[in-house]
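Please look over this structure with me.

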Amino acid sequence: MKRGQVVRSLAGRDKGRFYAVLCLEGKAVFLVDGKLHPLERPKRKNLRHLQHTQTVFPAEVLEANGRLEKALRAFNAPGKMV
């Protein structure tokens, strides 16, 4: 996993929700989505509770919460099956 990669939560209250990786720290990852978990308040999640995708956002997307939320909107759309 690397910064900007899109991941899906496999466990917990947020199961099925998509996030972008902000940074890695040991076996934990800090995730952001621009809305519930903005860049200022990332979510800490264990690596084994995540499924990574092939999508990696450019650095410009991770500069503002609005851009990040807009980029993830297609992934978190209701009824979206991945």
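1. Basis. This is a predicted model: local features need pLDDT of at least 70, side-chain atom pairs count only at pLDDT 80 or more, and totals for chains, interfaces and linings use all residues. Residues are numbered from 1 along each chain as its sequence is written, and side-chain values use heavy atoms, without hydrogens and water.

2. Sheet. Five strands form an open sheet in the order β4-β3-β2-β1-β5, with antiparallel pairing. The edge strands, each pairing on one side only, are β4 (43–46) and β5 (50–56). From one strand to the next, the twist averages 45°. Strands are DSSP runs of E, at least two residues, and helices are runs of H or I, at least four, all numbered from the N terminus. Two strands pair if DSSP finds at least two bridges between them.

3. Strand β3 (residues 28–32) runs antiparallel to β4, and 4 bridges join them. V29 has K45 in β4 as its bridge partner.

4. Loop residue. H37 sits in the loop between β3 and β4. Is H37 buried or exposed? H37 is buried because its relative accessible area is 16%; buried means under 20%, exposed over 50%, partly exposed in between (1.4 Å probe, protein chains only). Beyond its neighbours within four places in sequence, H37 contacts Y19, L31, V32, P42 and K43 (heavy atoms within 4.5 Å).

5. Strand β2. L24 lies in strand β2 (residues 18–25). L24 counts as partly exposed, at 40% relative accessibility.

Notes:
Axes fitted to C-alpha atoms, helices over the stretch in contact; angles between N-to-C directions.
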